[in-house]
Amino acid sequence: MPIIVKDFTWTQTSKTLHIKIPLTSGIKENLDIFTTDSYVKIHFNPFLFEIFLLHDVDNDKSKCLVQTDQVILDLLKKDECDWECLEKKLDKGEKMKIREEIHEKCQERAKRNAEERNIKKSQLDRFTVQQAMEIDTKQHNLMDSRRDNQRKMAMEALEDWRLNNTETVATVTVKDKLYNQEIEKNMSGVKIVELPSTEDEIDHKNITTKCSAEVTTEKKLQSYPKKPIKTPVRSEYIDKKKREAAKRILPKLRETGELEITHTPRTFPTPSRESTANEEETWLKNITQARRATGFISEDLRPEEQDPQWCKDKGDQFFRAGNFLGAISAYSHGITLSDKLPSLFANRAATHFALGNFNKCLTDCSTALDLMRPACEGNRFSRAKCIARRAAALVRLGYLSKAIDEMKAAAKLLPEDEKIKKDLYDMERAWEQNPDSD
């Protein structure tokens with residue numbers, strides 16, 4: 001339940017209000033400030049400052065200054081007048097009603113602001129997309145215009161070359177035609193007649209053609225270089241090695257087998273080093289002595305004591321004697337032997353709760369409840385106690401609304417348990433006093 005801050009001071013002018021709230025703890029990191037036009041709340045655990053203003057102020061134009069030892073509020077009045085007092089005189093029901101109305105208004109305004117931000121963001125995104133599309137179209141148009149210009153210049157150059165080439169070809173063809181016509185005119189009055197040849201001339205002609213053919217074949221053969229003939233070279237050394245390789249006997253294949261390798265057991269995950277051997281041995285001795293000081297060490301147990309139920313009974317003895325560290329060691333060793341017993345997790349959760357380890361208590365309670373499935377009449381009492389312990393741990397961690405839900409679930413399982421009823425009543429009263437504790 002929070003402590004209400006009443007040692008604040010305030011002054012006023014016709015336009016402004018000045019309120020100074022002292023910070024008793026002197027810590028300003030976990031400071032929760034909530035202000036509206038007619039309501040101010042400042043929460044710094046376990047203190048709470050809450051005030052319902054007599055008249056409305058302009059929350060948007062007001063200022064708040066957080067210092068090391070105090071919080072200063074400079075509130076701007078909407079109407080210029082002097083106030084008779086700082087806050088309204090309201091009963092508990094009216095304050096609750098005003099709180100709910102203020103919370104609803106703030107939620108609606110936050111929702112409206114979020115929608116406006118989303119609309120602005122969508123409009124900005126649409127504008128950026130349009131601008132990007134315009135830039136892309138400009139770039140494409142520029143590239144198309146440059147490509148068209150280059151194509152036009154290339155076609156013009158090709159057309160000029162074609163025109164020049166056709167003119168030169170035409171002049172050459174005209175000159176050839178004129179030359180051929182002149183030759184035909186000169187040769188028109190001359191005729192060449194071939195006389196028949198005699199037999200001697202025919203034989204002489206055949207002999208000359210045969211000789212010329214033989215000469216041409218000899219020249220062709222002389223023009224191609226002759227390929228050298230390969231002669232094998234014999235070596236006595238190579239022959240000796242070949243004879244040795246033929247007589248050599250290969251050894252037998254190796255037989256397969258299995259080789260077992262056992263490593264030295266080691267506590268540390270790092271490799272063993274001679275330079276750190278003394279430090280590791282000293283550390284292990286200190287840890288062993290510290291564990292023996294709690295009254296329980298797993299290495300000292302006999303073989304018949306390596307039993308989860310025996311570890312549970314031993315942990316219960318330590319818990320009743322007030323040796324919580326020894327109880328945690330016993331329960332933890334029992335869990336390493338068998339992690340299927342919900343009683344080990346439930347009892348270790350109770351030990352963590354006694355030591356103030358509330359997060360570990362929550363974890364063990366959740367694990368124990370998971371192991372108590374399916375839910376039946378035989379484990380109803382254990383489930384109720386485990387849920388109630390988890391609710392108590394949530395209260396210690398500051399999650400009051402979640403703790404109330406857990407305690408209600410425990411009350412449904414054990415409706416006749418007076419302690420659970422009393423704890424649930426106290427949690428609900430604390431929630432009514434400070435609904436924003438979570």
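**Exercise 1.** In which helix does Trp161 lie?

*Solution.* The model is predicted: local features need pLDDT of at least 70, side-chain atom pairs count only at pLDDT 80 or more, and totals for chains, interfaces and linings use all residues. Residues are numbered from 1 along each chain as its sequence is written, and side-chain values use heavy atoms, with hydrogens and water left out.

Step 1. Trp161 lies in helix 1 (residues 92-187); helices are DSSP runs of H or I with at least four residues, numbered from the N terminus.

Step 2. The relative accessible area of Trp161 is 54%, so Trp161 counts as exposed (over 50%; buried is under 20%, partly exposed in between; 1.4 Å probe, protein chains only).

**Exercise 2.** Which residues of helix 5 are buried, and where do they sit around the axis?

*Solution.*

Step 1. Helix 5 (residues 308-321) has 14 residues and reaches 20 Å from its first C-alpha to its last, close to the 20 Å expected at 1.5 Å a residue. The expected span is 1.5 Å times one less than the number of residues.

Step 2. Pro308, Cys311, Lys312, Gly315, Asp316 and Phe318 are the buried residues of helix 5. They cover an arc of only 165° around the axis, which puts them on the same side of helix 5; the arc is taken from the directions from the helix axis to the C-beta atoms.

Step 3. On the other side of helix 5, Arg320 and Ala321 are exposed.

Step 4. The cover over the buried residues of helix 5 includes helix 6 (324-337) and helix 7 (342-355), where contact means heavy atoms within 4.5 Å.

Key: Helices (H or I, at least four residues) and strands (E, at least two) are DSSP runs, numbered from the N terminus.
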